[in-house]
Amino acid sequence: MTDQNDNWEPKIIAFLCNWCSYAGADLAGVSRFQYPPNIRIVRVPCSGRVSENMIMSTLKSGADGILVSGCHPGDCHYISGNYFARRRFALLSNLLDFVGIEPGRVNFSWVSASEGEQFASVVQSVTEKVRALGPASRLVKKLDAAQAA
Amino acid sequence: MKVLKITPAELDALMQQWQKQYVVFVPASGKSAAVSPDCAPGWKRMEAGSAPLFLPVGPTPASVKAFYFPQPETLLTYTLDNNHPDKALMRESLKPEAMQVVVGVRPCDAGSVALNNLPYSEDPHFQANRRRTALVGFTCDTMLSTCFCRQMGGSPMAQEGLDLALSRTEDSFLVTVVNEKGASLLAGLDLTVAGEAELSALAVRRQEMAASDSAQLATLKAAELGRLYDAPQWQALGDSCINCGACTFICPTCYCFDIQDEVVWGQGRRIRYWDSCMFPLYSLHTSGHNPRGKKVQRTRNRFLHKLKYFPDRFGPFSCVGCGRCVQDCPVNIDIREVMNDLTNDLTNLTALE
Amino acid sequence: MTTVNEKIGEEIRVQARKMLAEGAVVAVIGYGVGSLPMTARPMVARRPEDCDKLIWSSFCVLNLANYLPEVLKSVEPPHGPRDPKPPEDSLPRVAVLATGCWSRNIVVQIQEHQVARTRVVVMGVGSRGMVSRRKVESLFPGKEILRVEEGDHDLVIHGADFTETINRWSVVRDNCQTCTHPDPVLVDVRIGDPVSERKNPKPFKQVEEIERLSVDDRWAWFTTEFSTCIRCYACRNACPLCYCPTCFVDDDKPQWVGKSLDTVDTGLFHLLRAYHCAGRCTDCGTCETVCPMGINMRMLTKKLNKDVLNLYGLEAGMQPDAPLPLTTYTLDDPQKFIVTEAPSAKEGE
Ligand code: SF4
Ligand code: SF4
Ligand code: SF4
C-alpha cells in the first residue's frame, strides 16, 4: 500500500507501445541513461490500444502516477493508432482535470525507439511531478478496515 | 400499548440524547456531503447539536430499505496475501453491534420491513440488521396524491413495524411505545401519560384513516392474475419502459441482489448489491440464453412479482403504496394504473364467463 | 385559445394517423399524457386509433431517439441471428418525433449504423424548451402540486390551497435554456413552425463556472455532486447513445468499475459513462432529468462537448457526412497535454 511516510516512493504505471516507447525504454537501459526506478512497465501493441477503462482502473488500483507513451505522430507502426489516441487522451486528460484529479497524475508522451535519453528524461520529469503531488488518493479504491479482512 | 406525550423541544433533546448513545439517522434534505459506508443516500447521520428534524410531507426521499439491505453489504472478507496463514479463507463479515436509530420513518416504510422479512427470514445479514435497527416513525397528517398505502392494506396512521410511533397533536406529539425496543429508547425519561381525551382522539383518527376495504385487492387476489400474462397492456408498458433500475432501487419492497468479489491490494471482500429485474443481465444465463430477453418481459415481471408471484408464495402483495416509483419513474409508469387496468381486465374476463 | 403546444399536438395526431393509416409507417414514437402533473409518457402508436392519445407539451423531457433502434428492431419480421438480414428498404418504417437535440441524436445513430436512414420518418418539432419539474417543485417547498395548466409563456400551478402563475421560461431546463440548436436538423415531416435561435444562450456557462474553481474545489464539487448516486442506471438507460449490449459497468472480468456506492466506484462509473458519450452527446438533458436523486451528471458530458467543439470544431449530429470526432483525426490535432521534457524534444505543436 502506498502510505504517506518518509520512505514513500511513487509507483508509476507506464503503458508503453511495443514499437517505439518500449524500445526507447530498452535503449535507455542498454545505453545506461539513469532514470528513476519508480515506473512499472506494461507493454502494449500501440498507444491506441490504451483505453480510458485501462487508465481509470489503473488509477482505481492505486497507481500514484500513470504514463502512456507511444510513437511520435506520423511514426505509428499501425499508421494512425497514435493519432486516434491523441484525440482520446486530450479529452480524457481535460475531463480528469475538470473533476479535480491533480494535473501530473496522468501523463502522455511520445518517445521513439531511438530516443533513449528522451525516455529517461520523460520518466524523470513525470516521477518528479508525481513525487511532488504525494501519494494518490483521488479515485483510489480502498476497502476500509471494517470491510477488509 | 403505552401512549405518552412529548413536546417538540423535548423531542429535540431526546434526539440529542440518542445521538450520544446510538448511531442516529435522519432524512437528508439536499445532498449529503459524502456517503459513509454505513449511511444511505437520502439519509444522513445525525450530528451533535444539529438542526431539528426535517420531515417532508409523504414518504421520506429514500426508503429505509438501505438500513436492512445495504447497498452494498459486505458478506465475506478474505486475504490473498501469500504470506498470510489464512490466505483465501473466507470470513464472515462482522456487523457493527451498535444500535442504529432511524428517526423520521413513515408508516409505509415501516410496513415494508415486515414484507422483506418474509423472503429474508433466514438471511443472517438481514436479521442482524433488523436486530440492531430501531425505527422511530411519524404517522402522516397529510397524504400526497401519489400515496396509496390505504389501498394496499396500510394506513397513514399505522404503527406496525415501528418501535416508537409519533403522532402530531396541536402542540406536541403522542408517542406510542410499540414494543420493548421502543420502550428502551425512552428509558429513564419521565414523560406524562396521554390523557383520555387525547387517546380517544388518536383512536378516532386511526379509525378514519384505516386501510380501505379494497375491492381491487380482493379481485386481484381472488382471481387468477396469471391469465393476464399475455394481456395487451404489457406491450404498452414495455414500449414506454427504458428498463432502468430507478423504480426498483427507490422501492422499499424490492429486494433482489447480485454478488461480486472485490480485491484491492490482496484484500478481498464479497459484496451483495442491489440488482433489478429490469436489467437484461439479471436473468441472463451463462449459456447466453435470456428467458426475459425482451423489454416487455422484464417490465411485466416487476409487476407480476409484486402482485402475483410474491403473494402466491408469501401471502401479501409486495407493495406498500408509498408512491415513490409513481413519482420518480423517468417515463411515468404508474403502478396504480397498472393495477386498475389489471383489475378491470379480470372483472371483464370473469363477466365473460 | 389554443396554445402553440396544443396546435403542435393536433398536427402530430393528424400526421401520425395519416402515416399509420396509409401504411407509410408501422409505428410512431411519441408522447401520451402522464398520470401526474408535469409528466408526459413516451408511447408507441401502432394503430391509427392509438394516435388520439398523442400529445405535445412542455414536459416531453425524455429523448425519444432512445427508443428508435429498439422499435425498429421490434417491427422487423422475425429472423434468426444467422439468417441474412433482409434489405433495409423492404423493412417496415417507423416515425419518431424529434426536436433539435433528438434529431441530432438520430443523426448520430445513423452515423453509427444503429438506425437506417431509409427506415425512419423524422417528424420534426422546433423545441421551445422543456420545463424542469424539479425547478417548478423547488419553487413550492413543502407543497404538493396537483395540477398545472400550460400557457404559451406562463404556467398556472394549482395546489390544495394555492394557485400561482409562474413564467414558463424561468423554469425551463438548463440545457434547453442554453441550447444552440432548438430546431430539428433532420426533418421529413415538419410539425409546427420553426423556432428561432435562443438569444445569447451562453452554452458553456455552467461548465466554465466549475472550470474556474481550484483543483481541490473541483474535486470537492465532483465528490459531493455524485455522492448520492444509487447506481440505478436511469441516466445510462435513458440516453440514446447507450446501446451497448453489455455496458462496461456490467463487465466483471475485468471489473472496470466496482459495484458499491463508494465515491470511487460511482465516480468512475460517471466519468467513464460521460467519456463514452464524448463527441456524441447532444446535451438533450435526459440523463439529468431522469435521475431520481437529482444529480447533475450532464456537467461532465457538457465539458466534453465544449472540448470537442474547441479542439476539433465539431458538434454531435451537426455534420452528418463527417466522421464522429473520435473515429477520425487530423495530422495537427492540438497536443498541449503531451509531456515533452527532453533536451532532444522534437517540435512540440
Ligand atoms: S412498487 Fe412503488 S408504490 Fe409500491 S412500494 Fe415500491 S416504490 Fe412504493
Ligand atoms: S449523455 Fe445525457 S445529455 Fe448527452 S445525449 Fe445522453 S442523455 Fe442526452
Ligand atoms: S440516474 Fe442518478 S442515481 Fe441513477 S445511476 Fe444515474 S446518477 Fe446515479
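This is a predicted model: local features need pLDDT of at least 70, side-chain atom pairs count only at pLDDT 80 or more; totals for chains, interfaces and linings use all residues.

Colleague: Start with chains A and C. How many residues are in contact?

Modeller: 46 residues of chain A contact 53 residues of chain C. The area buried between chain A and chain C is about 4400 Å². Carbon and sulfur atoms give 66% of that area.

Colleague: Which residues of chain A lose the most area to chain C?

Modeller: R87(A), L91(A) and F98(A). Together they make up 21% of what the chain A side buries.

Colleague: And how many salt bridges across chain A and chain C?

Modeller: There are 5 salt bridges across that interface. R87(A) also forms a salt bridge, with D333(C), at 2.9 Å from N to O.

Colleague: What about polar contacts between chain A and chain C?

Modeller: 16 residue pairs are in polar contact, counting pairs with both residues at pLDDT 80 or more.

Colleague: Which elements of chain A supply at least two residues to the side that touches chain C?

Modeller: α2 (52–60), α3 (81–98), β4 (106–110) and α4 (116–133) of chain A. The largest share comes from α3(A), with 15 residues. By class, the side of chain A that touches chain C has 20 nonpolar, 12 polar and 14 charged residues.

Colleague: Okay, chain B and chain C now. How much area do they bury?

Modeller: About 3400 Å² between them, with 55% of it on carbon and sulfur atoms. The contact involves 43 residues of chain B and 44 residues of chain C.

Colleague: How many salt bridges does the interface of chain B and chain C have?

Modeller: The count is 2. E337(B) forms a salt bridge with R41(C), with the closest N and O atoms 3.0 Å apart. Polar contacts between chain B and chain C come to 15 residue pairs, both residues at pLDDT 80 or more.

Colleague: Which elements of chain B give two or more residues to the side that touches chain C?

Modeller: The helices are α8 (233–240), α9 (246–250), α11 (324–328) and α12 (335–352) of chain B. The strands are β10 (257–264) and β11 (267–274) of chain B. That side divides into 21 nonpolar, 12 polar and 10 charged residues.

Colleague: On to ligands. Which residues come nearest to ligand 1?

Modeller: C251(B), C319(B), C322(B), G323(B) and C325(B), out of 13 residues around ligand 1. The shell has 8 nonpolar, 3 polar and 2 charged residues.

Colleague: And which are closest to ligand 2?

Modeller: C239(C), C281(C), C284(C), G285(C) and C287(C). Ligand 2 is surrounded by 13 residues. The classes are 6 nonpolar, 5 polar and 2 charged.

Colleague: How many residues are around ligand 3?

Modeller: 14, of which C229(C), C232(C), Y233(C), C235(C) and C291(C) come nearest. α8 (234–238) and α9 (263–276) of chain C each give two or more residues to the shell around ligand 3. The shell around ligand 3 has 12 nonpolar residues, 1 polar and 1 charged.

Colleague: Where do W19(A) and Y78(A) sit in the chain?

Modeller: W19(A) is in the loop between β1 (12–17) and α1 (21–30) of chain A. Y78(A) is in the loop between β3 (65–70) and α3 of chain A. The two are 59 residues apart, so the pair links distant parts of the chain.

Note on methods: Residues are numbered from 1 along each chain as its sequence is written. Chains are lettered from A and ligands numbered from 1 in the order in which they are written. Side-chain values use heavy atoms; hydrogens and water are left out. A residue is near a molecule or strand if one of its heavy atoms lies within 4 Å of it. Ala, Val, Leu, Ile, Met, Phe, Trp, Tyr, Cys and Pro count as nonpolar, Asp, Glu, Lys and Arg as charged, and the others, Gly among them, as polar. Contact means heavy atoms within 4.5 Å. Buried area is the accessible area (1.4 Å probe) that two parts lose on being put together, summed over both. A salt bridge is a side-chain nitrogen of Lys or Arg within 4 Å of a carboxyl oxygen of Asp or Glu. A polar contact is a pair of N or O atoms within 3.5 Å; within protein, one must be able to donate a hydrogen and the other to accept it, and residues adjacent in sequence count only if both atoms are side-chain atoms. Helices (H or I, at least four residues) and strands (E, at least two) are DSSP runs, numbered from the N terminus.
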